[in-house]
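Open the model in your viewer and keep the selection tool ready. We will go stop by stop.

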Amino acid sequence: MTTSMTIRMDPEIKKEAQELFRSLGLDMTTAINLFLRQSLMHRGLPFAVRQPRPRHHITAIGGMTRAELDAELQKGVDSMKAGKVYTADEVDAELRREFGI
C-alpha cells in the first residue's frame, strides 16, 4: 500500500533535481523515498546541515607577506585618522556577524 504526498518547491530546483536523479537512474519519487528512509535510519537528516562559508575569510597574520601586513596595518591607521573607531563590543559583534566567531 502507498500514499500520496504533495509538496511545493521552486520550479527550477525541481527541474535540476529531476535532471540529477535521472542521471543517477532515479525518478523523483524514488529519490524522495530514499531520502525519507535514510532520515529514519539516521533518526535525523542523513547529512550535515551547515551555513555556507562566509564570503570573507580570516587570514592569520602568519599567512601574510610583509607587504600585506603593512597594507592591513595602514588601513587601520587610516581608519583611526578618519575618526572610525569602535569599542571592543562593537568589534566582537561585527566578528560574530561577519565570520560567525
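**Stop one: a pocket**

The second largest pocket has a lining of four nonpolar, five polar and no charged residues. In this count, Ala, Val, Leu, Ile, Met, Phe, Trp, Tyr, Cys and Pro are nonpolar, Asp, Glu, Lys and Arg are charged, and the others, Gly among them, are polar. Select Thr 2, Thr 3, Ser 4, Met 5, Met 28, Thr 29, Ile 32, Asn 33 and Leu 36 to see that lining. The space inside is about 230 Å³. A pocket is found on a 1 Å grid over the protein atoms alone: it is an open set of points where a 1.4 Å probe fits, with protein on both sides within 12 Å along at least five of seven lines, and lining residues have an atom within 4 Å of a point. Points are joined across faces, edges and corners, and the volume is the space filled by probe spheres set on them.

**Before you go on**

This is a predicted model, where local features need pLDDT of at least 70, side-chain atom pairs count only at pLDDT 80 or more, and totals for chains, interfaces and linings use all residues. Residues are numbered from 1 along each chain as its sequence is written, and side-chain values use heavy atoms, without hydrogens and water.

Now color by pLDDT, the predictor's confidence in each residue, from 0 to 100. The protein chain has a mean of 88, and 92% of its residues reach 70 or more. Among its elements, α2 has the highest mean (96) and helix α4 (residues 88-99) the lowest (85). Helices here are DSSP runs (H or I, at least four residues), numbered from the N terminus.

Select Ser 39, in helix α2. Is Ser 39 buried or exposed? Ser 39 counts as buried because its relative accessible area is 15%; the cut-offs are under 20% for buried, over 50% for exposed and partly exposed in between (1.4 Å probe, protein chains only). Leaving out residues up to four places away in sequence, Ser 39 touches Gly 44, Leu 45 and Pro 46. Touching means heavy atoms within 4.5 Å.

Next, pick Arg 43, in the loop between α2 (28-42) and α3. Arg 43 is not a glycine, yet it has a positive phi of about 55°. Its relative accessibility is 79%, so Arg 43 counts as exposed.

**Stop three: helix α3**

Highlight residues 66-81, the 16 residues of helix α3. From first C-alpha to last, α3 reaches 22 Å, close to the 22 Å expected. That expected span is 1.5 Å times one less than the number of residues. Just after α3, click Gly 83, with a positive phi of about 85°.

Note on methods:
Helix = DSSP H or I, 4+ residues; strand = E, 2+ residues; numbered from the N terminus.
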